[in-house]
Amino acid sequence: MSNERLVYLDNNATTRVAPEVVEAMLPCLTKHWGNPSSAYDLATEPARMIEAARGQVAKLIGADPRHVVFTSCGTESNNTAIQSALHCQPAKRHIITSAVEHSANIKLCRLLEKRGYETTFLPVDLDGGIDLCELQAAIRPDTAIVSLMWANNETGVLFPVEELAAVCRSHGVLFHTDAVQAAGKLPIDVQQLGVDFLSLSAHKLRAPKGIGLLYVKPGSPFQPYIIGGGQERGQRGGTENVANIVAFGKAAELALGHIDDENTRVRALRDRLERSILQAIPGSVRNGGGEPRLPNTSNIGFDGVEAEAILLLLDREGICASSGSACTTGSIEPSHVLEAMSVPLSRSKGSLRFSLGQDNTEADVNRVLDKLPAIVSRLRDASPEPLGQAEAHLPNAD
Ligand SMILES: *Cc1c(COP(=O)(O)O)cnc(C)c1O
């Protein structure tokens, strides 16, 4: 096992930094370490590199570079869009988001509720899809912003962002999309999407953690979230993380070149992995609709087994997967995404997410298919509870 390479199938949690990205960012840490806002020559190159990177990330989303604001992460970008909309429209105190968003949205909205704002968490159907009519019906005269993700990080299920944005536009309501998981997997064109705000995070794209962006449509009201110096044209205070910004730029350039591969080779790997698991393991069910879905993600429930136990045994075989959103792993709470899809507790507790990426090969899929069936049946044999009876013994979900 130890001389076999790691099979990393958790690319929706984070990705390995691409060697080209490391190479691109190194000069910012060694030679070009000046503060890009300074007046002397040492600042010239860092400032130039930031603008080059802004051009690269703008190209990935079809934006004008002037409308890209670098942030510290996807979480900050989501927080910024929502807080900005509330600040700029003080009379509007209602937010619409969905029940399956990243915790960046869910927890922020819960906090805002404590401060007197109201939130509608739009429901999803059994496949994880959203109903445009539900959005129509939820919009109120005092709705400040609608924030809906493009691609779900746990299931890969896609929301029809272009249509959702159009509904908001027709009601004159600001629209933000968390496109963190879509980047590099789907073509993105902010003009065509018609969104006011769009969030990305670099570490899901083979760049380091701690750098993200927010696209702000020209003319949409905007209030900076981090108040400080005049960086980012006054839209985000704080000395720029030059190395990470440069890394993000390089990763965006690489990602643009890999979208086809994600949708052909990686998609075929994912499909074979999913199909073979469902065939080989009784009591296994895919969570979420088959399409439209990210090409790299598969979420599968195994009845009567604990996901954490499977993960532990997979880890011993050098295989990394996830039991859902990394942000909630470690707590015993079932996935809020699967809960919103009405997945029964007995299955959601035994659900694994496999998220593939650029580095994966046929051999990786083979290794999972070689190990997983035996792991699941071993755990089922060891379980005191007969298949399907697990639910009766569990404490209340709340
Ligand atoms: C990872 C992720 C985020 C958070 O991005 P960070 O840069 O880690 O803060 C937000 N939304 C989705 C859908 C994600 O997958």
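This report describes charged pairs, aromatic contacts and a surface patch in one predicted model.

## Basis of the report

Because the model is predicted, local features need pLDDT of at least 70 and side-chain atom pairs count only at pLDDT 80 or more, while totals for chains, interfaces and linings use all residues. Residues are numbered from 1 along each chain as its sequence is written, and side-chain values use heavy atoms, with hydrogens and water left out.

## Salt bridges

Side chains of opposite charge can pair when their charged atoms come close. A salt bridge is counted when a side-chain nitrogen of Lys or Arg is within 4 Å of a carboxyl oxygen of Asp or Glu. The whole structure holds 23 salt bridges.

One of them joins R236 and E76, at 2.7 Å from N to O. This pair links distant parts of the chain, 160 residues apart: R236 is in the loop between helix 8 and helix 9 (242-280), and E76 is in helix 3 (residues 74-88). Helices here are DSSP runs of H or I with at least four residues, strands are E runs of at least two, and both are numbered from the N terminus. R236 is buried, at 17% relative accessible area, and E76 is buried at 7%. Buried means under 20% relative accessible area, exposed means over 50%, and partly exposed lies in between (1.4 Å probe, protein chains only).

Helix 9 also contains R265 and D261, which are four residues apart and therefore separated by about one helical turn. Their side chains form a salt bridge of 3.0 Å, N to O. R265 is partly exposed, with 32% relative accessibility.

## Aromatic contacts

Two aromatic pairs are counted. F197 and F222 form a tilted pair, with 6.5 Å between centres and 45 degrees between the planes. Rings of Phe, Tyr and Trp (its six-membered ring) pair if their centres lie within 6.5 Å; planes under 30 degrees apart are stacked, those over 60 are edge-to-face, and the rest are tilted. F197 is buried at 0% relative accessibility, and F222 is buried at 17%.

## A nonpolar surface patch

V22, L26 and L29 make a nonpolar surface patch of about 260 Å². Patch residues have over 30% relative accessible area and no salt bridge; like charges are joined within 9 Å and nonpolar side chains (Val, Leu, Ile, Met, Phe, Trp, Tyr) within 5 Å. Accessible areas come from the Shrake-Rupley method with a 1.4 Å probe, and for residues only the protein chains shown count as cover. L26 lies in helix 1 (residues 19-30) and is partly exposed, at 43% relative accessible area.
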